[in-house]
Amino acid sequence: MKVKLARKLGFCFGVENAIRAAEEALARGGEITSLGEIIHNRQVVEELARKGLKVAEDPEAVSGIVLVRSHGEAPETLARLADKGVEIIDATCVLVKRAQRIVAELRQEGYQVVVIGQSSHPEVRGVCGYAPGVICVDSPDELDRLPDGGKLGIICQTTHSVEHFGRMVGRIVARGYAEVKVVNTLCNEVRHRQVAAVELARDVEVMFVLGGLQSANTCELARLCREQGVLTHHLEDWGQFRPEMVAGSNTAGITAGASTPNWVVEEFATKLADFDPAPA
Ligand code: F3S
């Protein structure tokens, strides 16, 4: 079948940096542990595990060399690691570090800090650690958690879409605060992938969004494609492909999240191009 690739897809520089940091540390030898899975991608996690990278969720359970992944960590977690005397390789993405710095500054300036993001997402958990008292909201029905007055300083999870950020800010402003300071912490790498995915989704009969099922930016790509009204499948790799997914379609589009390696995309595109779909 005819296969088209999004003009921007796959690994971002933050993920590439984290993987490079892990591989360089593994090449040097010693016991290396990633605090949480290095990225939300099973294939990459398995590949690095084969090379010796361990994963621990609890900072108390680590020793040797510890890799802080691109999502970053809260300052108290970094302090606990420092207290343990472990060597820290900090692979926090520069854009996440920027968000961490901004929430700390907003708090110092006297703003009630608001993070628009998923409170359970590792990046958001880490960012919130830089502004104690922060309020995290991610949908209109959570806005009752905000105070009735005062001045708000708002940022957003880096991987959210500009549309979601804009809608939430609009609703917050409509609550009538005298002062609202909004700092754009969205990641342009994510934005470029979203724009390219939407463009492609309007041009094909079926979309495949490749990447970890837990990956926030990949899930957002799938949501945006579905919003265009195109049949959309979010898969990890070719192993999850089923012929009925393309029945009656002649043109398929492929995009991939910022944590999806190129070889997953290339394998999927090659096999899909060779596939002969059944008529509807
Ligand atoms: Fe950083 Fe954006 Fe990637 S925040 S980790 S460059 S998705």
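**View 1. Glu-236 and its salt-bridge partner Arg-42.** With a relative accessibility of 13%, Glu-236 counts as buried. Here, buried means under 20% relative accessible area, exposed means over 50%, and partly exposed covers what lies in between, using a 1.4 Å probe and protein chains only. This is a predicted model, in which local features need pLDDT of at least 70 and side-chain atom pairs count only at pLDDT 80 or more, while totals for chains, interfaces and linings use all residues. Residues are numbered from 1 along each chain as its sequence is written, and side-chain values use heavy atoms, leaving out hydrogens and water. Arg-42, at 34% relative accessible area, is partly exposed. A salt bridge joins Arg-42 to Glu-236, and their closest N and O atoms are 2.8 Å apart. Arg-42 sits in helix α2 (residues 42-50) and Glu-236 in the loop between β11 and β12, so this pair ties together parts that are 194 residues apart in sequence. A salt bridge is counted when a side-chain nitrogen of Lys or Arg comes within 4 Å of a carboxyl oxygen of Asp or Glu. The helices (H or I, at least four residues) and strands (E, at least two) are DSSP runs, numbered from the N terminus.

**View 2. Further salt bridges to look for.** How many salt bridges does the structure hold? There are 21. One of them pairs Arg-80 with Glu-60, with 3.0 Å between the closest N and O atoms. Arg-80 belongs to helix α3 (residues 75-84) and Glu-60 to the loop between β3 (54-56) and β4 (65-68), so the pair ties together parts that are 20 residues apart in sequence. Arg-80 is partly exposed at 35% relative accessibility, and Glu-60 is partly exposed at 42%. Arg-175 and Asp-144 form another salt bridge, their closest N and O atoms being 3.8 Å apart. Arg-175 lies in the loop between α6 and β9 (179-182), Asp-144 in the loop between β7 (135-137) and β8 (151-156), so parts that are 31 residues apart in sequence are tied together. Asp-144 is exposed, with a relative accessible area of 68%, whereas Arg-175 is partly exposed at 29%.

**View 3. An open sheet of four strands.** Follow the strands in the order β1-β12-β10-β11; their pairing is parallel. At the edges are β1 and β11 (231-235), each of which pairs on one side only. From one strand to the next, the twist averages 25 degrees. Strands of a sheet pair through backbone hydrogen bonds, either parallel or antiparallel. In this model, two strands count as paired if DSSP finds at least two bridges between them. β10 and β11 have five bridges, in the parallel sense. Phe-208 stands opposite His-233 in β11.

**View 4. Helices α7 and α9 against the sheet.** Helix α9 (residues 262-274) lies across β1, β10, β11 and β12 and runs at about 175 degrees to β12. Such angles run from 0 to 180 degrees between N-to-C directions, with axes fitted as lines to C-alpha atoms, for helices over the stretch in contact. Which residues of α7 are buried? They are Glu-189, Val-190, Arg-193, Gln-194, Ala-196, Ala-197, Val-198, Leu-200 and Ala-201. What covers them includes β1 (2-5), α1 (13-28), α6 (162-173), β10 (206-210), α8 (216-227) and β12 (251-256). The 14 residues of α7 (residues 188-201) should span 20 Å at 1.5 Å a residue, and its end C-alpha atoms are 20 Å apart, which agrees. The expected span is 1.5 Å times one less than the number of residues in the helix.

**View 5. Two cysteines without a disulfide.** A disulfide is a pair of cysteine sulfur atoms within 2.5 Å, and the structure holds zero of them. Cys-219 is partly exposed at 31% relative accessibility, but Cys-225, at 0%, is buried.

**View 6. The surroundings of Val-127.** Val-127 lies in helix α5 (residues 122-128) and is buried at 2% relative accessibility. Setting aside neighbours within four places in sequence, Val-127 contacts Val-96, Ala-99, Gln-100, Val-103, Val-115 and Ile-155. Contact here means heavy atoms within 4.5 Å. Gln-157 is 30 residues from Val-127 along the chain, and their C-alpha atoms are separated by 8.8 Å.
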